[in-house]
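Dear colleague,

Please find below the structure that I am handing over to you.

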Amino acid sequence: MKNQNGNGKLIAGLILGAVSGAALGVLFAPSDGQNTRKKISKDIEKFGNDVANKFNHEAEVFKNKANNILASTEEKAEYLARQAEQGINKADKFSNSLKSEANDKAQQLTK
């Protein structure tokens, strides 16, 4: 029995040693490490590109909104300028009308 128990421990030890060796070999193999570093490097680069693209997109959206606001403000300013000009013209006409009426009344009084 002792011999059989010793063989079982030996086989279990060999299997454990083989699994441990394989795991350590995978972890420390230069090729896998290089591939892992390349993958990490590519992932970091992709993340940086994604962040840059998102930033550029948001900057473009902001620029478009700012341009729309500017255009809208310019349109409103032009509208207000036209309204003011029309108001000045009406005021000039009204003033001229009042002057004409005042001159007519003055002439009637001097007759």
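A salt bridge is counted here when a side-chain nitrogen of Lys or Arg lies within 4 Å of a carboxyl oxygen of Asp or Glu. By that criterion Glu58 forms a salt bridge with Lys54, with the closest N and O atoms 3.2 Å apart. Please bear in mind that this is a predicted model.

Regarding the overall fold, the protein contains two helices and zero strands. Of its 111 residues, 1% are buried. The exposed surface comes to about 10,200 Å², and carbon and sulfur atoms supply 62% of that area.

How many salt bridges does a search of the whole structure find? The search returns two. In the pair already described, Glu58 and Lys54 are four residues apart in helix H2, so about one helical turn separates them. Glu58 has a relative accessibility of 38% and therefore counts as partly exposed, since that class lies between the limits of 20% for buried and 50% for exposed.

Asp50 likewise forms a salt bridge, with Lys46 as its partner and 3.1 Å between the closest N and O atoms. Both Asp50 and Lys46 belong to helix H2, which covers residues 30–110, and they are four residues apart, about one turn of the helix. Asp50 is partly exposed, at a relative accessible area of 37%.

Turning to helix H1, this element spans residues 2–28 and includes Ile15. Is Ile15 buried or exposed? With a relative accessible area of 52%, Ile15 is exposed, because the class begins over 50%. Together with Ile11 and Val19, Ile15 makes a nonpolar surface patch of about 290 Å².

With kind regards

Definitions and conventions
Residues numbered from 1 in each chain as written. Predicted model: local features only at pLDDT ≥ 70, side-chain atom pairs only at ≥ 80, totals over all residues. Heavy atoms only, no water. Buried < 20%, exposed > 50% of the residue type's maximum accessible area, 1.4 Å probe, protein only. Areas by Shrake-Rupley, 256 points an atom, 1.4 Å probe, with all protein chains shown as cover. Patch = residues over 30% accessible without salt bridge, like charges linked within 9 Å, V, L, I, M, F, W, Y side chains within 5 Å.
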